[in-house]
Amino acid sequence: MPWDSVPWFTEGGAEHSSEVARLLAYAAFGGAEGVVGSLDLRVQALTSPAAAVRITNGACAIVSRADGALYQAYAARLPNGDEVPIAGTGATARSDLIVARIENPYSFGENWPQPADPKVGPYVFTRVISGVPKTTRSVREISPHESSITLGRIDLPPNTHAVTPGMITDLRELVSPRRDRRLYTAFPTTLSTLNYSDNKWHLWPGEPARWNIHVPYWASRVKIVTTLAGFRLTKADVYASMRNVFGKMVGQDTPIDDDQGANTRRSTIVLADNLYVPGELRDTTQTLSLQTYMSKAETGDVSVDAGTAIIADIEFVESPDAEER
């Protein structure tokens, strides 16, 4: 029979195969796998550190890697969290990988033991893969054919019998992260100049390079790329810096080092940042502006005018997070 003869969904009491049901899950998750929500299935130290870790409640998608399991995935949930023991170390440090794993003995090619009660399983577990390289970031590096996803890694120092937060590396991935990318533009109509001055930061060029931007409630990072095309330099050599400022978050300093003398010339300046968005900024409106630092070391000036275009490319990203919203 060339087809799986009962497609999802057929009436009349037709019996649907588990493979077709897993095909539906695979399609719903877009063929991806990982945790469903950014706070799901976090690996945490216990409130009083001990030889165990806690996995917070949540849900996940896990692609089936059983033989012949093309376009199949599992949807699994952990309603109340889980606690798993972590063995202590002796004289040698050790790294353990924490994974969520499907153990389905009925899937073709799988050799997991059968549960005592096939109706309730369990068929999904939190598992500890002990003694992995400290650089490991995915279960695929250790067990490429297991139906499992990576939650975290624990790096235990020698002679340790309690897991503390600093030993845990979060390795979760979101199955379907949300993104919101928008472009903001500004075109100055008059000349605005910042003279070489006082070795201090100035809120410049000010308007119109100043935008009020709403932060999505789900955003955990913001990527900001601001480009100033036709940026004007005059009088003498220029040594300055510019940076993005988003709300109270200050971006990376970008130096402007120009040694072309006293003629009027133009340049393109690009500022780029990838910033964590703290919980108190989510679902609020924040101002994006620019700051410029003018050094006394050189005597040139900078300016924007009608020949300048200022473009801010803003992308909010949802990623695995540890902060409640």
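Visitor: What makes the charged end of Arg-243 sit over the ring of Trp-201?

Guide: A charge sits over a ring if NZ of Lys or CZ of Arg is within 6 Å of the ring centre and within 35 degrees of the ring normal. The charged end of Arg-243 is 3.8 Å from the centre of the Trp-201 ring and is counted as sitting over it. This is a predicted model, where local features need pLDDT of at least 70, side-chain atom pairs count only at pLDDT 80 or more, and totals for chains, interfaces and linings use all residues. Residues are numbered from 1 along each chain as its sequence is written, and side-chain values use heavy atoms, leaving out hydrogens and water.

Visitor: Why is Trp-201 called partly exposed?

Guide: Buried means under 20% relative accessible area and exposed over 50%, with partly exposed in between (1.4 Å probe, protein chains only). Trp-201 has 29%, so the label is partly exposed.

Visitor: Why is the pair of Trp-201 and Tyr-293 called tilted?

Guide: Rings of Phe, Tyr and Trp (its six-membered ring) pair if their centres lie within 6.5 Å; planes under 30 degrees apart are stacked, over 60 edge-to-face, and the rest tilted. Here the centres are 5.5 Å apart and the planes at 55 degrees, so the pair is tilted.

Visitor: What makes Asp-305 buried?

Guide: Asp-305 has a relative accessible area of 12%, so the label is buried.

Visitor: How do you know that the side chains of Asp-305 and Arg-266 make a polar contact?

Guide: A polar contact is a pair of N or O atoms within 3.5 Å; within protein, one must be able to donate a hydrogen and the other to accept it, and residues adjacent in sequence count only if both atoms are side-chain atoms. The Asp-305 and Arg-266 side chains make theirs at 2.8 Å.
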